Amino acid sequence: MKPNHSPEPDQDAIRPHAYDGIQEYDKRLPNWWLYTLYVTIVFWIGYWSYYEWFRIGQSTTQVVSTAMAKIEADRLSTAKLDDASLWKMSQNATFLAAGKAVFETNCVACHFASMRGKTENPIAIGPDLTDTSWIHGGNPTQIYDLIMKGVLTKGMPTWGPVLGAKKIGEVTAYILSKHKEGEPIVVVPSP
Ligand code: HEC
């Protein structure tokens, strides 16, 4: 059967060059070949915008690390709450995302989104939570307990009944993510 996309071989133009006396026909690429090429170009545009330009899709590395963070988060959420487990939570992406959300909903009014409170602007009600001076102690469990109980006389609400243990663990982890384990802690009096 004759292919219908090109004329008989001897009707094709002959290319001007000759190598070792051999000449070639100037053949048109077959349609199936061209359409495959066009389809791959269209696919490439879609693929590249999804993964590289707009970064809608997660890379496999990201998928794996999100999954690992989730597994670690499940393990930590049932772990005993102590300084070590709170520091671990502070390095876990799942906890941090949850803690950031808790902080942004409940704490920014007084401590600001930057967490820097009075350091950012003296009109702030709450103190800086990113520096190394603490009024009530800077160990993870001390921070956790303080958020739980609050300091009503000074204007820090009692969050225990409002947020519950899980969210307080998350927001403590988020505060700790602005700190380093073992950094010097200075205890200062409440202004
Ligand atoms: C209505 C204002 C207000 C809100 C809202 C608030 N805080 Fe406070 N926070 C304060 C004040 C005022 C202090 C200082 C207490 C003192 O002087 O003893 C404080 C202190 C703290 C401390 C102790 C800082 C230290 O140096 O020891 C932590 C931790 C803290 N807040 C976390 C939080 C978290 C987490 C939230 C949100 C769940 C929150 N705060 C919401 C006003 C607020």
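Me: Which exposed residues sit on the face of α4 turned away from its buried side?
Reply: Ala93 and Thr105. Keep in mind that this is a predicted model.

Me: And which residues of α4 are buried?
Reply: Phe95, Gly99, Val102 and Phe103. Looking down the axis of α4, the buried residues fall within an arc of 100°, so they line one face of the helix.

Me: Why would spaced-out positions end up on one side?
Reply: An α-helix has 3.6 residues a turn, so residues three or four places apart point the same way.

Me: What covers the buried residues of α4?
Reply: The cover includes α2 (60–77), α3 (83–89), α5 (108–111) and α8 (160–176).

Me: How many residues does α4 have, and what is its reach?
Reply: Helix α4 runs over residues 93–106, which is 14 residues. From first C-alpha to last it reaches 20 Å, close to the 20 Å expected at 1.5 Å a residue.

Me: What does Asn92 do at the start of α4?
Reply: A side-chain oxygen of Asn92 comes to within 2.9 Å of the backbone nitrogen of Thr94.

Me: Switching to the metal. Which residues coordinate the iron atom of the ligand?
Reply: His111 through NE2 and Met156 through SD, at 2.0 to 2.1 Å.

Me: Where are those two in the chain?
Reply: His111 is in helix α5, and Met156 is in the loop between α7 (140–149) and α8. They are 45 residues apart, so the pair links distant parts of the chain.

Me: Buried or exposed?
Reply: His111 and Met156 are both buried.

Me: What is the geometry of the iron site?
Reply: Octahedral, with six donor atoms and angles of 86 to 179° among them. Ideal values for six octahedral donors are 90 or 180 degrees.

Definitions and conventions
Residues numbered from 1 in each chain as written. Predicted model: local features only at pLDDT ≥ 70, side-chain atom pairs only at ≥ 80, totals over all residues. Heavy atoms only, no water. Helix = DSSP H or I, 4+ residues; strand = E, 2+ residues; numbered from the N terminus. Expected span 1.5 Å × (residues − 1). Buried < 20%, exposed > 50% of the residue type's maximum accessible area, 1.4 Å probe, protein only. Arc of directions from axis to C-beta. Contact = heavy atoms within 4.5 Å. Polar contact = N/O pair within 3.5 Å; in protein donor to acceptor, adjacent residues only side chain to side chain. Donors = N, O, S within 2.8 Å, 3.2 Å for Na, K, Ca; no water. Tetrahedral: all angles 85-135°; square planar, octahedral: opposite > 155°, others 65-115°.
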